Amino acid sequence: MTEKPDPLWDPDLPCDPDLERLASALGAYRHVPKTDVIWPKPRPSRVGGRRRRVVFAVAATLAACAIGIATWLPWRLQWSDQRQWAVETDVRTLPQTWAVGQTLATAANQSATIRVARIGRMEILPGTRVTLSDTRTGHHRLDLLEGRVRARIWAPPGYFGIAAGASETVDLGCEFDMIRDARGEGTIHVTSGWIMHRVNGQETLVPAGSTLDFNEQRSGIPLATSATVGFRRAVERLDLAMSEGNRASDIEAVVAQTAIASDRFTLLTLLTRYPALASGPIYPRLATMFDGPVPDPNHRKAWRHGSVHAMNLWWEQIPRPPKAWWLNWRDALG
């Protein structure tokens, strides 16, 4: 359909007298643009440009940091073979550096702080004798003869270790306190991360918040620092009985009955070291501490026969802090 021309929209068309009179009256108010005014051109917005410059600056900074870390981290972990360690102490009779093969001994009123290559620090407390056995990139080892040391290490697992006679405590990226007496008996308290204790082919993991007793022949079972006295004594008695080949059902019952959620790692270590315990009350008690349904009888039977696969089903539910040593990045700045 073709629309009819309308003088309202086209002033050149003829219109009726009323419309013509109205247009003439309103004509004085129509807008007539001025031709002698030069309007400034709008300036382009600078917000987009500023934002781009900020993004580019941030990207450049991050790239520079990544390059710096990539070159600085390997340097931090490297250490020349047999290079001496620095000793920080106010005691004049103690050396200022520590060499491989040298024994550092503190008197009852003396202490010192050692720079462990570039990967950490270690306090040598009063009444301690400790020897620097070896030091090189990726391998730093001491021998604690007697006394107490406290180490805080920033390095990948296995870089640092302390021998105590036939046993060795290997750092997995953590902080720990270690004591050894003249008879070779000692205790390790882990406050951050994990350690691995080795003696006569036996390996025991110890997580943060736990203690481990050891002697020249063997290590005990890790116990949470919050463990009750009754639970602690029952575990020690059960560990000793099982190591001698004696089954103690009454002690197993006490361990299962007194265990709480924070004792989960202790029960897991007991069952792993002595798979035969899976036939007793400790297995079902530990099962209630893990997420998910109670395992079927086949899992329990496999555990009792020493199946590594069956054990890993529960071990894999334990957090693995040793792989997160780099989270303590502030230590690297010390």
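This report covers the aromatic ring pairs of a predicted model and the confidence of its parts.

Residues are numbered from 1 along each chain as its sequence is written. Local features need pLDDT of at least 70 and side-chain atom pairs count only at pLDDT 80 or more, while totals for chains, interfaces and linings use all residues, and side-chain values use heavy atoms, leaving out hydrogens and water.

Rings of Phe, Tyr and Trp (its six-membered ring) pair if their centres lie within 6.5 Å; planes under 30 degrees apart are stacked, over 60 edge-to-face, and the rest tilted. The count by this rule is seven aromatic pairs. Two of them are tabulated.

| Pair | Centre to centre | Angle between planes | Type |
|---|---|---|---|
| Trp85 and Trp98 | 5.9 Å | 80 degrees | edge-to-face |
| Trp194 and Phe265 | 5.4 Å | 80 degrees | edge-to-face |

Trp85 belongs to strand β1 (residues 85-88) and Trp98 to strand β2 (residues 97-98), so their pair ties together parts 13 residues apart in sequence. Trp194 is in strand β12 (residues 194-199) and Phe265 in helix α5 (residues 264-273), so this pair ties together parts 71 residues apart in sequence. Helices (H or I, at least four residues) and strands (E, at least two) are DSSP runs, numbered from the N terminus.

Trp85 and Trp98 are both buried, as are both Trp194 and Phe265; buried means under 20% relative accessible area (1.4 Å probe, protein chains only). Elsewhere, ring pairs join Tyr283, Phe290, Trp303 and Trp314 in a cluster.

The pLDDT (the predictor's confidence in each residue, from 0 to 100) averages 83 over the chain, and 73% of the residues score at least 70.

Methods: Buried < 20%, exposed > 50% of the residue type's maximum accessible area, 1.4 Å probe, protein only.
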